[in-house]
Amino acid sequence: MYRSIIAALLLPFFGFSQADWISYVKKEKKGILAVSVDLEPDFKKPKLHNVLIVGTKAKGCYKNGFPNEEGISYSDVFSDSVALRLNKITKNRKVGMISYQCLIFDVFYVKDTLEIRKEIDTLLTKNYPHYPKYIVIRKDKRWDYYYQKLFPPIYTEDFIYDQEILYKLVSAGDDLSTERNVKHWTYFKNEKRRNSFVSKIKKLDFKVDFLNIKKDQAYPYEVQVYRKEKIYPRSIESVTKLLNFMVKADNGLYDGWGAEMIVKE
């Protein structure tokens, strides 16, 4: 089977391999915003009551605003330099990263703020003199920024699956705005149930792409359907919820979706 911001606002590609980090994207007025967040503080928060946001412009981006290969390398160096300087100043915890319109932001929670602004400003002025710099520090005992700007709006298996696909597309330069054929994989226990599903799905402008029988499977009757549409996060979420409901109505199994990548030149 197939399935296997400054104030509103990065990048899930900085080498974080911890299972507690997840990445997702969402549509904003000017394009796609990408977020990477450490989920561990939701379970056990360190005693750090100030949020620090440090940002700059990435050196090299796709048209969708996401850093390209050069931008990613630049962002890695930027993030490492900030983290190293912070480690010398105060206890801290990096909890998130944001990318939007070729701007990149690292989000930390820190203990002491006395010397931070001066130190980080000096660092950025010296190492990145030709790029804009953003430094925001404020008290946040309740971790409001973490929950309102970083933590995923929902946290389910389906959300993670959808976002995994969307993030791969966005990180390769796709802005998700172009309509394309979106395929969905479904399975049923018998042909009668599959035919019932196909009959209903066609009324919603879905087309049948593929029929198959896998006799060794618990749900042997496969049908792949597709429909041409945009794949913004909320829209694809609505579609997958609908298909899940319709498939279950015929005692079947919905097993995910896929779509081609479209990058505007």
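Two strands pair if DSSP finds at least two bridges between them. Helices (H or I, at least four residues) and strands (E, at least two) are DSSP runs, numbered from the N terminus. This is a predicted model, in which local features need pLDDT of at least 70 and side-chain atom pairs count only at pLDDT 80 or more, while totals for chains, interfaces and linings use all residues. Residues are numbered from 1 along each chain as its sequence is written, and side-chain values use heavy atoms, with hydrogens and water left out. The model has an open sheet of six strands, an open sheet of four strands and a largest pocket of about 500 Å³.

**The four-strand sheet**

- The strand order is β8-β9-β7-β10, and the pairing is antiparallel.
- β8 (207-213) and β10 (253-259) are the edge strands, each of which pairs on one side only.
- From one strand to the next, the twist averages 20°; axes are lines fitted to C-alpha atoms, for helices over the stretch in contact, and angles run from 0 to 180 degrees between N-to-C directions.
- Six bridges join β8 to strand β9 (residues 221-229) in the antiparallel sense.
- Leu211 has Val223 in β9 as its bridge partner.
- Helix α6 (residues 191-202) packs on this sheet and touches β7 (180-188), β8 and β9; contact means heavy atoms within 4.5 Å.
- The direction of α6 makes about 10° with that of β9.
- Helix α7 (residues 233-249) lies across β7, β9 and β10 and runs at about 150° to β10.

**The six-strand sheet**

- The strand order is β1-β2-β4-β5-β3-β6, with antiparallel pairing.
- The edge strands are β1 and β6 (133-139), and each pairs on one side only.
- The twist averages 15° from one strand to the next.
- Helix α2 packs on this sheet, where it touches β3 (50-57), β4 and β5, and its direction makes about 20° with that of β5.
- In a regular strand the side chains alternate between the two faces of the sheet.

- Eight of the nine residues of β4 (residues 92-100) are buried, where buried means under 20% relative accessible area, exposed over 50%, and partly exposed in between (1.4 Å probe, protein chains only).
- β4 pairs with strand β2 (residues 31-38) in the antiparallel sense over five bridges, and Val37 has Gly96 in β4 as its bridge partner.
- β4 also pairs with strand β5 (residues 103-110), antiparallel over eight bridges.
- Lys94 stands opposite Phe108 in β5, and Ile98 stands opposite Phe105 in β5.
- β4 and β5 form a hairpin with two residues between them, and Gln101 in the turn has a positive phi of about 55°.
- β3 is mostly covered too, with seven of its eight residues buried.
- β3 and β5 run antiparallel and are joined by eight bridges; Thr56 stands opposite Ile104 in β5.
- β3 pairs with β6 over seven bridges in the antiparallel sense, and Val51 has Arg138 in β6 as its bridge partner.

**Two single residues**

- Lys91 sits in the loop between α2 (69-89) and β4, and counts as exposed because its relative accessibility is 53%.
- Lys91 and Tyr109 are 18 residues apart in sequence, and their C-alpha atoms are 8.7 Å apart in space.
- Leaving aside neighbours within four places in sequence, Lys91 is in contact with Leu48, Tyr109, Val110 and Lys111.
- Ser81 is in helix α2 and counts as buried because its relative accessibility is 15%.
- With neighbours within four places in sequence again left aside, Ser81 is in contact with Leu123 and Tyr128.

**The largest pocket**

- On a 1 Å grid over the protein atoms alone, a pocket is an open set of points where a 1.4 Å probe fits, with protein on both sides within 12 Å along at least five of seven lines; lining residues have an atom within 4 Å of a point.
- The largest pocket holds about 500 Å³ of space, the volume being the space filled by probe spheres set on the points, which are joined across faces, edges and corners.
- Of its 24 lining residues, the closest to the centre are Pro153, Phe159, Pro233, Arg234 and Glu237.
- β1 (21-28), α4 (144-150), α5 (157-171) and α7 each supply at least two residues of the lining, and α7 gives the most, with seven.
- The lining divides into 10 nonpolar, five polar and nine charged residues; Ala, Val, Leu, Ile, Met, Phe, Trp, Tyr, Cys and Pro count as nonpolar, Asp, Glu, Lys and Arg as charged, and the others, Gly among them, as polar.
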